[in-house]
Amino acid sequence: QRFKALDKHGLTNEERVRLLFSTDIFLHQTIWRLSGNEEIIQILNEIDIPIFYVMGNDDFYNWNEIESNLIYIDQKREELEEFNLVGYQYTLPFVNSEFEKDEFEIKKDLQMLKKHVDNKTILVTHGPPKGILDKVHSGAHVGSTSLKSFVKDTTPYLHVFGHIHESFGSIGIHFNVAFSYNNKISIIDLETIERKIIKWVI
């Protein structure tokens, strides 16, 4: 199985939908804004692949009540044949959104998620762990220390996240899939954990 994974701000609805094709699974780190909802819902209902998602720090419309193939995975486990997905959407305070929490609150949430993670888990978080693909333009590392400890303790099969667009890339099991400033997208082979980078032409 292959999946596309993406955290992208700024694409048009048409461009976002084009990303859903030629893959088996789609992970989205931040869902569409309010513009063009009816059109997007109609298109999504016609696409025969699962779209798993968590909310991003600057999202303001939650699609988890929409009847479609969108599957909301925040603080949940979803089975995926021989693998499973576990999601966590909260990041450290950044723009004062409802999807931000401090380290203490994140640590409490993650303690509750431990029982859901095993060596076949694809962990999907919006934010990165501290010190792993989390460097911003200033050079500061802005990831969560609680998330770093959680990943170390639970050893998931893969960890997919976004949020820090300057640090698109991969290290070991960690994949920062934030849509890079060079318009690159990750396609990950689940069996081999190999990543293919494609250039997205807008």
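User: Which residue is the bridge partner of N84 in β7?
Analyst: This is a predicted model, so let's go by its strands. Strand β6 covers residues 83-88 and pairs with β7, residues 121-125, in the parallel sense over five bridges. Within that pairing, the β7 partner of N84 is T121.

User: Which strands sit at the edges of the open sheet?
Analyst: Six strands make up this sheet, with mixed pairing, in the order β5-β6-β7-β8-β10-β9. On average, neighbouring strands are turned by 20° against each other, direction ignored.

User: At about what angle does helix α4 run to β7?
Analyst: Helix α4 takes in residues 145-154. It lies across β7, β8 (158-161) and β10 (174-176). Its angle to β7 is about 175°.

User: How many residues apart are R77 and D118, the pair that links distant parts of the chain?
Analyst: Side chains of opposite charge can pair when their charged atoms come close. Here R77 and D118 meet in a salt bridge at 3.1 Å, N to O, and the whole structure has four salt bridges. R77 is in strand β5, while D118 is in the loop between α3 (103-113) and β7, which puts them 41 residues apart.

User: Which residues are closest to the centre of the largest pocket?
Analyst: That pocket has a volume of about 270 Å³. Its lining has 13 nonpolar, nine polar and two charged residues. Of the 24 lining residues, the closest to the centre are N57, T91, F94, H163 and I164.

Definitions and conventions
Residues are numbered from 1 along each chain as its sequence is written. This is a predicted model: local features need pLDDT of at least 70, side-chain atom pairs count only at pLDDT 80 or more; totals for chains, interfaces and linings use all residues. Side-chain values use heavy atoms; hydrogens and water are left out. On a 1 Å grid over the protein atoms alone, a cavity is a set of points where a 1.4 Å probe fits but cannot get out, and a pocket is an open set with protein on both sides within 12 Å along at least five of seven lines; lining residues have an atom within 4 Å of a point. Grid points are joined across faces, edges and corners, and a volume is the space filled by probe spheres set on the points. Ala, Val, Leu, Ile, Met, Phe, Trp, Tyr, Cys and Pro count as nonpolar, Asp, Glu, Lys and Arg as charged, and the others, Gly among them, as polar. Two strands pair if DSSP finds at least two bridges between them. Helices (H or I, at least four residues) and strands (E, at least two) are DSSP runs, numbered from the N terminus. Axes are lines fitted to C-alpha atoms, for helices over the stretch in contact, and angles run from 0 to 180 degrees between N-to-C directions. Contact means heavy atoms within 4.5 Å. A salt bridge is a side-chain nitrogen of Lys or Arg within 4 Å of a carboxyl oxygen of Asp or Glu.
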